[in-house]
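Open the structure in your viewer and keep the selection panel within reach. The stops below each begin with something to select.

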Amino acid sequence: EDADLGEFAHYMLKEIHEQPTALENAFRGRLDMSEGTCKFGGLNLSRQDIRHIDRILIVACGTAWHSGLVGEYLIERYARIPVEVEYASEFRYRNAPMDKNTLVIVISQSGETIDTLEAQREAQRKGYHVIGIINNVGSTIARENDGGIYQHSGPEIGVASTKAFTSQVLILSMLSCYLGRTRDLSYAEGCKMVKAVQELPALIKQTLSLADSLKAVAKDFAKYQDFLFLGRLEMFPIALEGALKLKEISYIHAEGYPAAEMKHGPIALISEDCPSIVIVPDDETLKKNLSSVQEVRARKGKVIIITDSHEIPSSLADEIIIVPKAHNCVLPILMTIPLQLLSYYIAVELGKDVDKPRNLAKSVTVE
Ligand code: AGP
């Protein structure tokens with residue numbers, strides 16, 4: 001098995017570095033620049049069906065649930081369809097009211113997660129059209145659903161999901177473009193999205209070159225026992241995902257919050273012993289995010305900023321990690337990569353079993 005690792009010390013690191021290819025595989029054959037849209041072969045939905053969707057319910061667990069949350073922001077923004085995201089384990093038991101024009105999307109890397117499978121069966125029992133975003137070809141969820149989109153990320157062996165997450169986010173972004181273009185999104189906006197997707201692998205390669213600086217940051221920050229991850233809008237689920245990665249492989253307590261929610265409680269945690277990682281996109285939320293940074297620093301909290309802005313003064317944070325600029329339909333993917341690398345290097349620094357963390361299985365097939 002170890003022969004597959006090549007130059008990498010762990011599968012997680014290998015899979016982080018496979019992301020340019022994994023994402024290219026997710027969009028290959030699915031972009032249509034002449035129409036400014038994306039296309040998917042296996043949804044089993046007509047254009048009329050798509051025009052009539054009035055609500056989308058996304059159902060998933062763990063990291064896949066986080067990608068669904070990013071999808072909620074993207075689909076609502078570009079396709080203007082209301083989206084809800086549920087934990088599969090909750091959906092199966094709560095008999096949520098749904099409309100006959102609700103489209104259900106399940107997301108699962110393994111395609112075998114029991115809660116997601118049973119949620120799909122429950123939705124199908126009630127007559128809903130369920131499509132899957134699944135990595136594992138021929139898995140039970142993929143075989144049983146009514147249509148779907150394969151991720152083609154390749155096998156993911158590290159228990160902590162990395163390339164499968166970014167590929168799910170990319171597919172949701174492309175889906176938001178497709179749904180939008182079938183409804184009200186303009187040709188010009190569709191073209192910008194398609195171009196952003198095409199350019200993504202090169203930008204990911206650039207972002208991966210931050211690995212050495214993140215390794216150094218990890219050495220300084222591995223001693224802390226608690227972390228806050230903060231982000232606004234679609235960067236909030238990226239903050240949740242960053243916190244989950246750190247928890248899973250380093251066993252360090254970490255919480256993700258929408259940046260402005262901090263003052264409604266979590267701010268009480270901040271001290272010199274609890275650093276914050278703040279995701280600061282260079283957009284209309286930048287100033288607000290920087291005031292959250294200042295609130296943390298005023299309470300002696302250390303701050304790592306992940307941003308695509310070159311204008312943030314270095315005195316504002318302990319570390320500033322700059323990712324390349326990109327259209328906001330793919331920027332959450334670029335912001336994820338430094339968080340993956342940081343978690344990885346902190347876990348290595350602490351001598352943890354990165355690929356097989358305690359108490360966790362790659363696929364949760366029991367309730
Ligand atoms: C991810 O790092 C986790 N190990 C876990 O949350 C995982 O995403 C979850 O169990 C869902 O798995 P699935 O995508 O295979 O359904």
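What follows is a walk through a predicted model, one selection at a time.

**The ligand and its shell**

The shell holds 16 residues, and the closest are Gly-62, Thr-63, Ser-108, Ser-110 and Thr-113. Colour the shell by class: 6 residues are nonpolar, 9 are polar and 1 is charged. Which helix gives the most to this shell? Select residues 62-78 to see helix H4, which contributes 3 residues.

Arg-80 is not a glycine, yet its phi is positive, at about 55 degrees.

**Helix H8**

Select residues 163-182. This is helix H8, with 20 residues. From its first C-alpha to its last, H8 reaches 28 Å, close to the 28 Å expected at 1.5 Å a residue. Now show what surrounds the helix. Of the 20 residues of H8, 19 are buried, so the helix is largely enclosed by the rest of the structure.

**The five-stranded sheet**

Next, display the open sheet of 5 strands. Read across it, the order is E9-E8-E10-E11-E12, and the pairing is parallel. At the edges are strand E9 (253-258) and strand E12 (319-322), each of which pairs on one side only. On average, neighbouring strands in this sheet are turned by 20 degrees against each other, direction ignored.

Zoom in on strand E8 (residues 226-231) beside E9: the two pair in the parallel sense over 6 bridges. Along this pair, Leu-228 stands opposite Glu-255 in E9.

**A helix across the sheet**

**The segment after H13**

For the last stop, select helix H13 (331-349) and continue into the segment after it, where Asn-359 is found. Asn-359 has a positive phi of about 70 degrees, although it is not a glycine. How many other C-beta atoms lie within 10 Å of Asn-359? There are 7, so Asn-359 is exposed, the limit for that class being 12 or fewer.

Conventions. Residues numbered from 1 in each chain as written. Predicted model: local features only at pLDDT ≥ 70, side-chain atom pairs only at ≥ 80, totals over all residues. Helix = DSSP H or I, 4+ residues; strand = E, 2+ residues; numbered from the N terminus. Expected span 1.5 Å × (residues − 1). Pairing = 2+ DSSP bridges. Axes fitted to C-alpha atoms, helices over the stretch in contact; angles between N-to-C directions. Near = placed C-beta within 6 Å. Nonpolar A, V, L, I, M, F, W, Y, C, P; charged D, E, K, R; others polar.
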